[in-house]
Amino acid sequence: MSGPVLAVEDLRISFGTHEAVKGLSFEIHARETLALVGESGSGKSATALAILRLIEREGGTIRSGRILLADGDANQDLRQLDDAQLTRLRGNAISMVFQEPMTSLNPVLKIGDQVAEVFIRHRGLSRRDALKAAQETLDQVRIPEPARRLDQYPHELSGGLRQRVMIAMALACRPRLLICDEPTTALDVTTQAEILSLIRSLQAEIGMGVLFITHDMGVVAEMADRVVVLRHGEKIEEAAVEDLFARPQAAYSKKLMAATPKLGTGSSTRAAGTNMVLEVDGLSTRFASKAGLFSKTSQGVLAVNGVSIKVARGETLGLVGESGCGKSTLARSILRLIEPESGTVLLDGKHLTGSSKAELRQSRKEAQMIFQDPYASLNPRLPVHELITEPARIHGLVSRKDQKELAAQLVARVGLETDAIHRFAHQFSGGQRQRLCIARALSVEPKLIVADEAVSALDVSIARQITDLMLELQARDGLAFLFISHDIAVVERVSHRIAVMYRGEIVETGPAGQLLAAPRHAYTRRLLSAVPSGIPVRSRKQAPRVFAEDAPVSLSA
Amino acid sequence: MLIYVLRALVKMAVTLLVIVTLVFFATRLSGNPVDFVLGDGISREDRELLIAYYGLDATIGSQYWRYLVSVFSGEFGLSFLERRPVSQIVFERAWPSLKLLLSAISFTLIVSVPLGILAAIYRTSIIGSVVMVIAFLGYAVPAFIIGILLVLIFGYTLNWLPVIGDGSALHFIMPTLAISGMLVAAITRFTRNAMLDVLSQDYMRTARAKGLPEWVVILKHGLRNASITLLSVIGLQIAGLAASGSVVVEAIFAWPGIGDLLVRSAILRDYPVLQFAVLSVAIVVIVINAAVDIAYAYADPRIRLAKG
């Protein structure tokens with residue numbers, strides 16, 4: 001084998017006075033996948049953007065180091081190239097796939113034009129030939145009906161398909177190096193498995209080196225040949241993937257591995273009570289498709305279709321399913337944040353469905369919700385002591401002068417310092433904010449907490465701390481949780497029972513261990529097979545074959 | 001798309017009806033035209049006769065009904081003063097106004113969009129600051145001041161440009177500049193803000209990572225998206241200009257336009273002319289709005305596909 005495709009030597013990047021990457025070196029060879037692993041703020045993405053020399057646009061500066069790209073027998077230092085030379089390399093010799101397929105495609109340009117652009121630019125094709133080439137590329141990344149996609153706009157495609165389009169664009173010119181920056185973090189497990197296997201097979205076909213950036217050790221095990229563990233901009237450890245998983249050397253690597261939830265490690269829950277806190281029976285919610293100018297409202301879509309679930313005191317029911325299956329709609333319908341079409345909801349023995357506005361407001365204090373994004377769900381203008389006691393104030397449970405005292409108790413319960421109550425939300429990290437959201441939910445002493453993807457936006461180790469906190473609160477106060485997540489490994493850890501949702505219906509419910517060990521429904525089996533096993537692929541005999549999405553599973557198992 | 005266009009058109013028709021009604025009642029707030037037209041030296045009987053002749057003795061309801069019927073049959077009546085069909089009078093005046101409007105809009109777009117883009121790209125450097133200072137100045141100086149200054153400099157002192165009327169292309173220069181002043185300032189600022197918004201989007205990074213040169217990234221990927229926000233603002237500004245903005249400037253340059261007509265007929269209580277002139281302006285505004293709605297859908301596929 002010849003020299004590496006890319007060699008990064010002593011790379012230093014800073015944003016203003018903050019040094020984000022401190023002397024990082026690594027090499028990537030052809031046909032090799034190097035995983036760059038670390039939590040948010042470790043400098044992974046900065047490194048990726050520095051290689052493309054796009055970091056300057058984000059306000060960063062490359063202080064020192066060399067970025068050498070193999071070019072025939074010679075090496076080009078990307079730091080020495082001018083703008084014209086760089087535009088010739090980007091999307092041609094080096095390309096990148098970004099994290100957010102939802103926002104990384106231009107919303108007002110057709111898919112065909114966006115892919116064809118690369119061919120027009122780097123291959124000098126005419127628009128017609130470029131569109132033809134684009135169609136072939138879409139076919140190559142296994143997008144069904146590629147000809148029709150050319151004329152579609154990004155918003156007409158699912159997240160998985162959009163990420164395939166991104167990959168098609170990146171691989172159009174058969175680059176020597178592909179950089180993937182958390183390409184599957186925003187996708188659910190089944191889609192993730194498809195995208196990962198796609199990248200692997202295209203790598204085998206094209207033979208490019210891949211720099212794969214992720215915080216998910218499960219994904220690392222699926223993809224990597226070698227791993228570089230990054231923390232605060234410094235390389236903590238570099239090892240072949242089997243070695244890292246078998247014998248992580250650095251303490252931080254061990255911690256990272258331990259925090260990664262793995263399927264089949266069992267539930268950490270205690271025994272649940274028997275009194276039912278939540279009883280949902282035959283709940284359906286319809287999204288009316290908008291009435292046209294001359295047409296009556298059509299039937300609309302049943303987002304939730306005849307769902308029946310129960311949660312007992314001190315119990316956690318995990319609700320899993322891929323995005324768009326109706327999980328969040330179900331949660332909102334239960335609390336009547338969205339009006340359900342039919343069915344009944346009993347919360348702590350009281351009917352939520354059919355109750356008046358005033359009664360509903362009373363009952364709402366029995367059930368509180370925690371949302372996915374701890375940045376968007378806290379009002380930035382309220383000090384913490386007002387922020388987290390607001391529900392209690394609304395329900396008249398606390399007087400203005402006792403507010404601070406209650407706030408102090410609450411922050412103590414979620415493991416924050418007492419002086420936190422005088423600060424504002426932006427002064428806290430993501431994990432601390434999610435603690436504040438929990439504290440706010442606890443302020444009205446609810447019986448049930450609905451956690452909608454509450455840890456999905458957090459780093460693994462932080463997510464672990466938050467779920468630990470939930471388990472602890474449950475053990476102490478007998479709280480019931482409805483825990484919604486697309487991450488089955490997390491759900492397994494916190495749940496007594498698991499309900500699997502597919503296209504608006506609950507296809508299977510059962511005790512966590514039993515359901516995961518012996519799934520009865522075809523969809524559950526598909527969902528489970530898509531979860532990264534956390535065992536390096538290279539240590540396994542054969543990678544599991546995953547089929548393209550949109551292959552529906554029959555609902556009658 | 002078809003449903004979307006139909007919806008825009010229906011909305012337009014409803015607005016029009018409301019305006020037709022408002023115009024009728026609003027123009028009657030200022031008093032009886034007979035008093036003004038004929039003055040004091042008229043006998044009581046003659047006065048009654050004239051009032052009956054013009055139909056001003058009927059109840060307001062039946063006057064309104066007659067008005068509606070004639071509006072929809074295209075009959076807008078004769079001017080109280082000139083005794084000519086009002087449509088003829090207004091159309092004579094509409095074309096010069098429209099020409100001035102088009103000239104001002106073209107000038108504004110040609111100047112302000114590139115300026116706004118420059119200000120966004122070079123927001124941290126001196127170029128951006130200079131553009132924004134000029135834009136703020138333009139915003140702060142009303143059209144009649146710009147107009148008078150222009151007349152003073154290029155008409156009176158230098159004697160380069162003609163001041164009165166719309167006879168030649170040269171006549172357009174000063175009124176166009178006077179009208180565009182504030183518009184250029186406003187649209188430069190909106191373009192800058194819209195571009196700033198777009199420049200930080202993920203898809204701009206994708207476009208750069210594809211290896212597109214910077215100008216393609218800015219113009220093709222950036223401006224296409226910024227234009228969605230811009231369209232609505234430009235539409236509003238132009239509609240505002242069509243409605244009232246040019247009245248003062250037309251007066252300064254003695255432009256034989258509709259603004260001048262509006263002012264004169266309002267002072268003389270020439271109801272039919274005033275009504276029709278206001279209606280024409282309203283129709284222009286509504287048509288511009290509907291056009292913007294439709295252009296909006298054209299620019300943004302998400303709107304187009306979601307609503308039809």
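**Salt bridges within and between two chains**

Hi everyone, let's start with one pair: Lys447(A) forms a salt bridge with Asp348(A), and their closest N and O atoms are 3.4 Å apart. By salt bridge I mean a side-chain nitrogen of Lys or Arg within 4 Å of a carboxyl oxygen of Asp or Glu. Lys447(A) sits in the loop between helix H16 (430-442) and strand S17, while Asp348(A) sits in the loop between strands S14 (342-347) and S15 (350-351), so the pair ties together parts that are 99 residues apart in sequence. Helices (H or I, at least four residues) and strands (E, at least two) are DSSP runs, numbered from the N terminus.

A word on the model: it is predicted, so local features need pLDDT of at least 70 and side-chain atom pairs count only at pLDDT 80 or more, whereas totals for chains, interfaces and linings use all residues. Residues are numbered from 1 along each chain as its sequence is written, chains are lettered from A and ligands numbered from 1 in the order written, and side-chain values use heavy atoms, leaving out hydrogens and water.

Over all chains, the structure holds 37 salt bridges. Another one joins Glu453(A) and Lys327(A), at 3.9 Å from N to O. Glu453(A) is in the loop between S17 (448-452) and helix H17 (460-477), and Lys327(A) is in helix H11 (327-334), so this pair ties together parts 126 residues apart in sequence. Glu453(A) counts as buried at 8%, and so does Lys327(A) at 6%.

Now, where do the chains meet? The contact (heavy atoms within 4.5 Å) takes 32 residues from chain A and 26 residues from chain B. Three salt bridges cross this interface. One of the structure's salt bridges pairs Lys220(B) with Glu117(A), at 2.9 Å from N to O. On the side of chain A that touches chain B, the elements giving two or more residues are helix H3 (111-123) and helix H6 (159-171) of chain A. Which element gives the largest share? That is H3(A), with five residues.

Thanks, everyone!

How values were computed: Buried means under 20% relative accessible area, exposed over 50%, partly exposed in between (1.4 Å probe, protein chains only).
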